[in-house]
Structures are given as structure tokens and as C-alpha cells.
Protein chains: 2
Amino acid sequence: MTQIVAPTHPFDAAVELVAAESPGVFRGHTSPAYANMVGPFGGITAATLLRAVQRHPERLGDPLSLTVNFAGPIADGEFEITARPTRTNRSTQHWNLELTQDGVVTTTATAVFGTRRETWSSTELAAPAAPAFDEVATQPFPDFIAWARNYDLRFVEGPVPAPEDGAQPDSTSTLWVRDNPPRPLDFPALTSLCDVFYPRAFLRLGRFVPAGTVSLTVYFHADATMLAAQADDAVLGTARAQRFGKGYFDQSGEIWGRDGALLATTHQLVYFKD
Amino acid sequence: MTQIVAPTHPFDAAVELVAAESPGVFRGHTSPAYANMVGPFGGITAATLLRAVQRHPERLGDPLSLTVNFAGPIADGEFEITARPTRTNRSTQHWNLELTQDGVVTTTATAVFGTRRETWSSTELAAPAAPAFDEVATQPFPDFIAWARNYDLRFVEGPVPAPEDGAQPDSTSTLWVRDNPPRPLDFPALTSLCDVFYPRAFLRLGRFVPAGTVSLTVYFHADATMLAAQADDAVLGTARAQRFGKGYFDQSGEIWGRDGALLATTHQLVYFKD
């Protein structure tokens with residue numbers, strides 16, 4: 001009898017955690033497939049932290065919000081995540097997370113999980129206009145960005161600037177994006193997608209500059225039902241900066257899914273040099 | 001000889017902390033002047049947490065970002081804040097904060113502080129159009145909202161809905177706001193102002209519903225020099241919701257100062273019932 005084993009998606013391999021002896025402690029390993037220029041792609045780190053809460057035996061419900069603070073570089077190799085519920089209410093639960101390497105904190109996070117119930121709903125924000133996914137060409141990131149090879153990226157506006165493009169007056173990027181190979185959307189994958197926007201300073205300045213996310217926040221609007229409806233379809237992401245100055249800028253973005261459903265809103269503060 | 005002592009501003013009294021014996025532990029007390037319908041105004045809690053970092057002897061630089069998670073109700077009375085530096089780099093420092101009452105966590109937070117240096121700057125966002133502060137009438141909040149009496153609130157659009165106003169198609173509020181009595185702007189006061197927007201669901205639904213902030217993030221664009229230039233002038237705040245659904249909505253806002261300077265951007269996830 002031949003046993004057919006589905007190959008593990010690179011994303012699942014990257015966010016894989018092993019429970020340690022102490023409750024709430026998990027061990028993981030950086031994945032070369034999701035490497036950034038220095039250390040791992042921030043999105044995969046955020047997704048792995050969320051995964052730690054999902055794996056915790058005391059976890060209540062699904063994610064409502066997540067804030068990840070990138071405190072220091074993560075070296076290639078093993079890491080440990082400690083997930084601690086700080087308060088559990090009837091329908092919400094608050095989490096404190098730390099990612100360490102050899103006892104040194106590299107990343108901290110807080111998360112709110114909870115159960116949802118039906119209420120009045122309204123999406124006040126409008127999705128950006130964009131041609132269909134199939135009508136937009138794939139535009140890969142520069143080859144040295146390993147993590148981007150795990151995404152099919154199709155820019156509608158604001159692609160990664162080429163040297164001849166020069167400075168731009170507007171920092172908006174809008175792109176179709178899908179895991180490569182396709183993979184059904186879940187909360188960790190949605191988290192990772194929230195960091196898929198390259199630093200907005202590149203676009204405004206028309207060149208690559210040293211830049212890195214300091215703090216990333218995700219508000220989850222999708223529940224499990226919305227994620228299931230999305231399946232492995234591409235999502236439409238859009239992001240723009242609000243202010244650049246004195247070494248930092250902030251960017252805000254949204255991830256839109258099937259039928260114009262707003263799956264997540266996301267914000268980050270980014271360090272940059274010019 | 002008569003000694004003249006300036007009366008303490010209610011804001012300073014509200015965010016006052018006393019250092020406990022253990023390093024990084026501070027004791028405070030809720031202030032009736034900043035009470036909300038249940039417990040204290042979220043802005044004053046956020047400001048008090050920021051104040052704890054400012055008071056910590058190991059603090060480096062000024063705030064860059066702050067995320068506060070409102071985990072449970074804060075009872076009137078004493079509380080304790082523990083501020084712990086999780087990582088200190090050359091120019092940034094990461095903080096973990098917990099506010100407890102009788103050992104029970106009511107509020108958690110993370111903050112990033114740091115030093116800034118001159119870089120290219122650009123404010124991509126446009127300030128909302130508004131007549132001058134002096135040309136807009138003061139519109140107090142309903143009388144039972146104690147904290148709002150410490151602010152001179154002058155709505156340009158989206159005032160607190162009256163019963164006859166009904167549901168609105170747009171959740172934007174824009175208002176001039178100044179501490180009452182006026183007080184020079186500092187980082188805690190700017191933090192508190194980021195929560196001055198009443199829940200956007202009130203405006204869309206045209207009625208008051210149970211609502212409370214779950215998680216609040218502030219990105220500080222102002223440094224100490226920009227705050228000093230602002231002095232005790234009114235700031236222009238604006239906020240709007242992005243999506244309402246299944247018991248939660250998110251709102252984003254900005255605080256604009258003198259000469260169109262963007263002082264802070266802020267986002268929050270809010271629980272609501274309809």
C-alpha cells in the first residue's frame with residue numbers, strides 16, 4: 001500500500017511550533033524560505049506569534065487584534081515563544097507574548113482573542129479599484145528577497161520602484177497577492193499578508209533605504225466563516241504612509257477578500273534612514 | 001512672605017504616580033475628574049501608562065508608539081503599574097506594562113521609546129478643512145461624561161448625536177479640542193487626546209450603544225520640539241471607522257497641531273452591542 005503524504009506548504013513549515021515542557025512555551029526555527037534581507041520577514045514572525053496563542057490549550061476564540069513589536073534582530077536558527085494569558089473574560093482573552101533567542105528578547109507582542117456574535121455591520125471604507133487578479137501580471141520582488149518568492153504578487157499601483165522610476169508623490173501600493181503555491185487562508189496567513197507591503201519610503205524616495213518595522217498592529221475583521229469563504233483565492237492589499245519624519249514613518253493598509261469583504265486592517269510604525 | 005503655589009492641573013493630578021519600593025512599580029489612583037460611564041476614560045489610563053515609562057529611571061528618549069489593551073474594568077480607587085524594559089538598543093527601547101488592581105490585570109500595554117534624528121520628512125495625509133478654533137462653538141458632551149468636562153470640545157463635523165439626528169451615513173468626527181483649563185501639550189496629554197473621539201458606532205447608528213475600546217494604538221509623530229511649539233493651543237482631531245461587524249469595529253484618527261503639523265496618528269478596535 002502506497003501512502004500519499006501531502007507536502008507541507010512552506011508557510012506551515014515556517015510557523016511550525018513544538019510545545020516545550022513548560023505550559024505556554026513553544027520552540028520554533030527560522031525558515032530560509034521566509035528570510036528577509038536581515039533575519040526573517042516580519043509577517044512570518046507575526047504569524048508565528050499568533051500561532052503560539054492558537055496552540056495554547058487555554059485559548060478562547062479567534063484573533064481580534066494583534067500588536068507585534070520588533071525589538072531586535074532575529075538570528076537564523078531556533079527561538080522560543082512564551083505565550084501568557086493575562087486576562088480571560090467571558091468573550092475576550094488578552095495575551096502577552098515574547099519571542100526570545102538564548103534568553104534575549106527579540107520580539108514582544110500582545111493579542112486579543114475572543115468569540116464574536118452577530119451585530120449590525122457596515123464597511124465604511126471602499127475597496128480600491130483594481131482589474132481582476134488574472135488580468136494583472138505577476139511582478140516578482142528583487143531576487144534577494146527570499147520571502148517574496150512565497151507570494152504571487154501582482155501590483156495594480158505602486159510596484160517596487162526601479163532605479164529609473166525616481167521619487168513618487170504618493171506612497172500608495174495596491175496589489176493582488178496569494179500564497180505561492182496557493183493555500184487556504186487562515187489567521188496566521190492573513191497576519192503575514194498584513195506585512196506584505198514593502199516600506200513606503202522606498203516608493204516616495206524612489207530608492208531602497210535601510211528600513212524596518214518597529215511595531216505592527218492587525219485588526220481582524222474576518223471570522224472563521226469569512227476565511228473559509230475566501231479559500232485560496234488572491235486577496236487585494238493596499239497600503240499608504242501617513243507621515244515621514246525624524247527617522248520614522250507610519251503606514252496603514254487593508255486586506256480585501258472575495259466579494260469586497262474587508263478581512264483585516266493593519267498599521268505599522270517603520271524606522272528608516274535616508 | 002507669601003508663597004504662591006500654582007494649582008495642579010486636573011490632568012496632572014490624574015496621571016500622578018508614586019514610585020513603589022520595587023523598581024518599575026508605580027502606584028496611582030483613579031481620578032473622579034476623568035471618570036467615564038464605567039471606570040476611567042481610556043485616554044487617561046493610556047496617558048498614565050505612558051507616564052510610568054517616563055518616570056522609569058532607565059527610560060531612553062521619547063515615545064514612538066504605544067499600544068494599550070483594555071482587558072477588564074478599572075474600579076474607582078488605587079492601582080499599580082509595572083513598567084519593564086524588555087529590550088534596550090542604541091536608539092530604541094521596548095517596554096512592557098501592566099496595570100493591576102489587587103493583583104488582577106485590568107490593562108496591558110507595550111511601548112516603544114527612542115531618540116530621533118533629522119531625516120527627510122513629508123506629511124502625506126491632508127489635514128481636514130476646518131474653520132478656526134475661535135469660530136466654532138463649544139459643544140459639551142452629555143453631562144454624565146465627567147472626563148469630557150476637562151476638554152473644550154468644538155465639533156466641526158460629527159458631533160455627539162442628539163436623539164433627533166438619526167443614523168448617519170458617515171462616521172467621521174472632526175473637532176477642535178483643548179485641555180480645560182488650557183495646559184501645555186506633552187506626551188501624556190497627546191496620548192489622552194488620541195482617545196477623545198466617542199465610539200463611531202454612536203454616529204452611524206444615531207444612538208448610544210454599549211461600546212468600549214479593546215485595544216488602542218498611538219504613533220507619535222511629534223517630538224519634544226514640536227510639542228513645545230504647540231504650547232497650550234487647541235489641536236484638531238479627526239477620526240472615522242473602517243469596518244463594523246460581529247461585535248467590533250475599528251476607528252482611525254489623527255491629531256493635528258499648529259501650522260498643520262501631524263502630531264499623532266491613532267487607531268483602535270472597539271467592542272459594541274447594537
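Biologist: Over residues 33-114 of chain A, what share of the chain is helix and what share is strand?

Modeller: First, the ground rules: this is a predicted model, where local features need pLDDT of at least 70, side-chain atom pairs count only at pLDDT 80 or more, and totals for chains, interfaces and linings use all residues. Residues are numbered from 1 along each chain as its sequence is written, chains are lettered from A and ligands numbered from 1 in the order written, and side-chain values use heavy atoms, with hydrogens and water left out. Helices (H or I, at least four residues) and strands (E, at least two) are DSSP runs, numbered from the N terminus. The end C-alpha atoms of this stretch are 32 Å apart, and the chain there is 17% helix and 50% strand.

Biologist: Which UniProt annotation covers residues 135-271 of chain A?

Modeller: Over that stretch the chain is 15% helix and 39% strand, with end C-alpha atoms 35 Å apart. The name comes from an unreviewed UniProt entry, and such annotations may be inferred rather than shown by experiment. The record calls residues 135-271 of chain A "domain: Acyl-CoA thioesterase-like C-terminal".

Biologist: Now the two chains: how much area do chain A and chain B bury between them?

Modeller: Contact here means heavy atoms within 4.5 Å, and 65 residues from chain A and 65 residues from chain B take part. Buried area is the accessible area (1.4 Å probe) that two parts lose on being put together, summed over both. Of that area 49% is on carbon and sulfur atoms, and the total is about 5,900 Å².

Biologist: Which strand gives the most to the side of chain A that touches chain B?

Modeller: That side divides into 20 nonpolar, 29 polar and 16 charged residues. Here Ala, Val, Leu, Ile, Met, Phe, Trp, Tyr, Cys and Pro count as nonpolar, Asp, Glu, Lys and Arg as charged, and the others, Gly among them, as polar. With 7 residues, the top contributor is strand β13 (residues 262-272) of chain A.

Biologist: Why does the salt bridge of Asp12(A) and Arg183(A) tie together parts that are apart in sequence?

Modeller: The closest N and O atoms of the pair are 2.8 Å apart. Asp12(A) sits in helix α1 (residues 10-14) and Arg183(A) in the loop between β9 (173-179) and α3 (187-193) of chain A, so the parts they tie together are apart in sequence by 171 residues.

Biologist: Which residue does a cis peptide bond join to Asn180(A)?

Modeller: Omega of this bond is about 0 degrees. Chain B has a cis peptide bond between Asn180(B) and Pro181(B). In chain A, the residue joined to Asn180(A) is Pro181(A).

Notes:
A salt bridge is a side-chain nitrogen of Lys or Arg within 4 Å of a carboxyl oxygen of Asp or Glu.
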